[in-house]
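Hello,

Here is the structure I promised to pass on to you.

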Amino acid sequence: MKVVVVESPAKAKTINKYLGPDYEVIASFGHIRDLPAKDGSVEPDQDFAMIWEVDPKASKRVSEIAAAVKGADRLILATDPDREGEAISWHILEALKARRVLKDVPVERVTFNAITRDAIREAMAAPREIDQALVDAYLARRALDYLVGFRLSPVLWRKLPGARSAGRVQSVALRLVCDREREIESFVAREYWSVVAHLATPADAPFEARLVGADGKKITRLDIGKGEEAERFKRDLETARFTVTSVESKPAKRHPWPPFTTSTLQQEASRKLGMAPARTMQVAQRLYEGIDVGEGTVGLITYMRTDGVDLAPEAVGAIRRTIGKEFGDAYVPTVPRKYTSKQKNAQEAHEAIRPTDMGRHPRQVARFLEPEQARLYELIWIRTLASQMESAELERTTVDIAALVGLATDKPRHLDLRATGQVVKFDGFLRLYQEGKDDDGEDEESRRLPAMNAGDPLKKRRIEATQHFTEPPPRYSEASLVKRMEELGIGRPSTYASTLAVLKDREYVRVDKKRLYAEDKGLLVTAFLESFFRRYVEYDFTAALEEDLDRISNHEVDWKEILRRFWLEFSGSLEGTKELRMGQVLEALNEIMGPHIFPQKGDGSDPRGCPSCGTGQLSLKLGRYGSFVGCSNYPECKYTRQLAAGTGDAEATAGDGGVVGGPRTLGKDPESGLDVTVRDGRFGAYVQLGEGEKPKRQSLPKGMTRDAVDLDTALVLLSLPREVARHPESGEPILAGIGRFGPYVQHGKTYANIGKDDDVLSIGANRAIDLIVTKESGGGFRRGGASAGRVVGDHPDGGAVTVRDGKYGPYVNHGSVNANLPKGTATDSVTLEQALALIKARIEAGGGKGKPARRTATKAPGKSAAKSTAKSTAKAPAKAAAKSKATAKAPSAAKAPAKRAAGKRPAAES
């Protein structure tokens, strides 16, 4: 028996079908080892010794692999063909060596770019050893990310409260977003005018021409800066005589774009399908690993982490045949197209992303795929086909027009106008595909011009003078940020999606209408790093470090030499911050973030002057829970506000440390007659009833803006916590409210989070009971766990009966009893009678307590996993346990940041 190890169960299932009974294919579920998330996992003083730890959950999988290897003919490591896949194979081999189970078992490494029968068989016929250079490049990358993350992040925590983390690539990507935000804030719009003549040919065909010159002088886009000047040109053109002076037509060709790489796939999926890079990679992974399309499970696309744009010769032949079949021979180029990567070091020279079989038309496979899978597969299929199609043939035409003014006067004027356009003579690849744009702009050349000849007189229809203002550069979309990172050489294909996900998870940026906005927290972190760790957020430095990592993978340099050189400078920068005083930090941040925190005022007054006391200076302050703006005359003046000054800043009044100026009165409370206002506080916007020492206040729910609040909404918020239901067992009230960490429902001492799909202001009785009962029975929303489910009714013995989707399939629940639904039963069709019968049968069978039963038998965890878990638990600091206990008592919806799921690839940043 030959044992083959791959990453995922889906991949294992597909490959096992191709290899037959002589092979046993086992999934490792991604990485089995990682650096423990604690200081000391990488020791620079011990020649960068790295401590690897097998995750307790992964320990069981290692045991399964080890058991299979004993007595096997050979071990074949068939993980992905990139640097990360090479590292997974290396980790598996090292873990098996530690268990001493290999003995005389030969070990082979095989790679394949597609999961098809032919690709698997070819790979098995050409085994090799593990590429140590790729492993070394992985080790260097992990060590660098760890050292930056675990040495720099604590500096942020000490010097910049509220900051979450820093990372080698993450922080540089964040700087790109923040730099663009500063460009936009400092941008000064410039007025300009365009003058356009609407004309017609002798055949009465209309077109437009733009003013481009006057009296022998060229006029560019921004040259007409005032309305008076534009109006003079308009008056002259109203009386002008128009004549065509020249018509020039030039042939042009537009060539197709190369097939997809990782970054271009992420960009196009974002533009055309609205998919985030992380989601694109998840869907692409599924298409790569295999889907049953009626002929058995098969990989639909080639490997999706690549910088390469080349295609295999047999793939090119299949593509050309498909083009001829679909569009005719005219669309097939005489010579196949050959693309080369612009990257200095393409990702281990992989092929571009393409369908494994061009004969699988998107229309044919769509019924076997989920909607997102079908759309992404179609995009890849179309792009691949278009990349080998004939070029589009165009004809670009430029018409120059003379406008003669005042011929009968002493001072005649000669104005020049120009019309441009193009005609598609042969559409070529454009018949199938056109790449999306990140930013829409004017494209006058795409207009089609009517037939004209030199000397033709033209008729004037009307003249337009239009005012414009220059616009700031657009904020990055996820697609354009990936493109910019690739242009600068920051990160690699496998890191783009995880880097963007980290920035959003850390709340350093937010996505609004597909654009990335830098949050105050992100701007502060970037300003701090630029002030005290500038070298490590410079684009050139980060790109050069990426090139060094590529040189390691090419056997050109020793990986520890790169680490030594980096650590020598980086450790010195860390040392330099030990004596850094908070006053120095604030001074640096005030300087860099001045235009954002203290924008210029329209009346020319000091933007840092305190609007409350009139004598103090506003400055950035660092509090326990983050940053805010306060007055230098504190504690006499207690004026505070959030970082970004709002429009109501001029109306600011002194508060009690949490109140910001500019309260907006919404109306009177019908019961008390007190004013209801909406205000900005240090921790966000809130509504307030009346004034006084301790007026009633309520924070706005996440996503609700201050401007969106009206009196009715404010009154509902001020009524929180409100009773929404009575508990089915105790009869006690269930309350809904908003805590420090978000909305929740409460029954006695039990609190349950209200998810983003529910509204605390409108949550109903059934949903509230469902959440509370789920929490009391040990359920609730958690990654990979059971959903809160649907209440189908009350049990005769008391308590709600719910139907839920669990890890092992749908089931019904009452208290601590769970019973699986029969296979094929839809959760929305289950009635109370059916649920009661299933629960009764489960109890009579002597089971049902706790989790629902697995539908397939699995082995119990080995001793090593239990031992590792116990050891890990024993080491937990008492302080952390006490903190956890205190948090559990708090009436909040807080969740601790989730640990990285076992078996997944680690994020590129620590």
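Below is what turned up, starting with the overall picture and then moving to individual residues.

This is a predicted model, so local features need pLDDT of at least 70 and side-chain atom pairs count only at pLDDT 80 or more, while totals for chains, interfaces and linings use all residues. Residues are numbered from 1 along each chain as its sequence is written, and side-chain values use heavy atoms, with hydrogens and water left out.

**Overall picture**

The mean pLDDT (the predictor's confidence in each residue, from 0 to 100) of the chain is 83, and 86% of the residues reach 70 or more. Please be careful with two stretches. Over residues 646-661 pLDDT stays under 50, and the model has 41 contacts there beyond four places in sequence; a contact means heavy atoms within 4.5 Å. Residues 780-787 also stay under 50, with 15 such contacts.

The chain has 23 helices and 34 strands. These are DSSP runs numbered from the N terminus: helices are H or I with at least four residues, strands E with at least two. Of the 910 residues, 48% are buried, where buried means under 20% relative accessible area, exposed over 50% and partly exposed in between (1.4 Å probe, protein chains only). Among contacts with a separation of 6 or more, 67% are between residues 24 or more positions apart.

**Nonpolar cores**

A nonpolar core is a set of buried Ala, Val, Leu, Ile, Met, Phe, Trp, Tyr and Cys residues joined through side-chain atoms within 4.5 Å. The largest one has 78 residues, and those with the most contacts inside it are Leu 152, Met 485, Phe 528, Leu 529, Phe 533 and Phe 570. Helix α5 (residues 132-159) gives the largest share of this core, 13 residues. A second, separate core of 62 residues includes Val 25, Phe 112, Leu 287 and Val 332.

Phe 570 is worth a look on screen. Its relative accessible area is 1%, so Phe 570 counts as buried. Beyond four places in sequence, Phe 570 is in contact with Leu 147, Val 148, Arg 151, Leu 152, Phe 533 and Tyr 536.

**Aromatic rings**

There are 18 aromatic pairs in the structure. Rings of Phe, Tyr and Trp (its six-membered ring) pair if their centres lie within 6.5 Å; planes under 30 degrees apart count as stacked, over 60 as edge-to-face and the rest as tilted. Tyr 288 and Tyr 303 make an edge-to-face pair, 5.3 Å centre to centre with 65° between the planes. This pair links distant parts of the chain: Tyr 288 is in helix α9 (residues 277-289), and Tyr 303 is 15 residues away in the loop between β14 (297-298) and α10 (313-327). Tyr 288 is buried at 0% relative accessibility, and Tyr 303 is buried with a relative accessible area of 0%.

Trp 567 and Phe 570 form a tilted pair, at 6.1 Å centre to centre and 55° between the planes. Both lie in helix α17 (residues 559-575), 3 residues apart, which is about one turn of the helix. An α-helix has 3.6 residues a turn, so residues three or four places apart point the same way. Ring pairs also join Trp 567 and Phe 570 into a cluster with Phe 528, Phe 532, Phe 533, Tyr 536, Phe 541 and Phe 566.

Two charges sit over rings, meaning that NZ of Lys or CZ of Arg is within 6 Å of the ring centre and within 35 degrees of the ring normal. The charged end of Arg 33 is over the ring of Trp 90, 5.5 Å from its centre. Lys 272 lies over the face of Tyr 433, at 5.2 Å from the ring centre.

**A buried arginine**

Which loop holds Arg 492? Arg 492 is in the loop between α13 (478-488) and α14 (493-505). With a relative accessible area of 7%, Arg 492 is buried. Its side chain is joined to that of Asp 550 by a polar contact of 2.4 Å. A polar contact is a pair of N or O atoms within 3.5 Å; within protein, one must be able to donate a hydrogen and the other to accept it, and residues adjacent in sequence count only if both atoms are side-chain atoms. Not counting residues up to four places away in sequence, Arg 492 touches Arg 83, Arg 141, Asp 307, Glu 546, Glu 547 and Asp 550.

Best wishes
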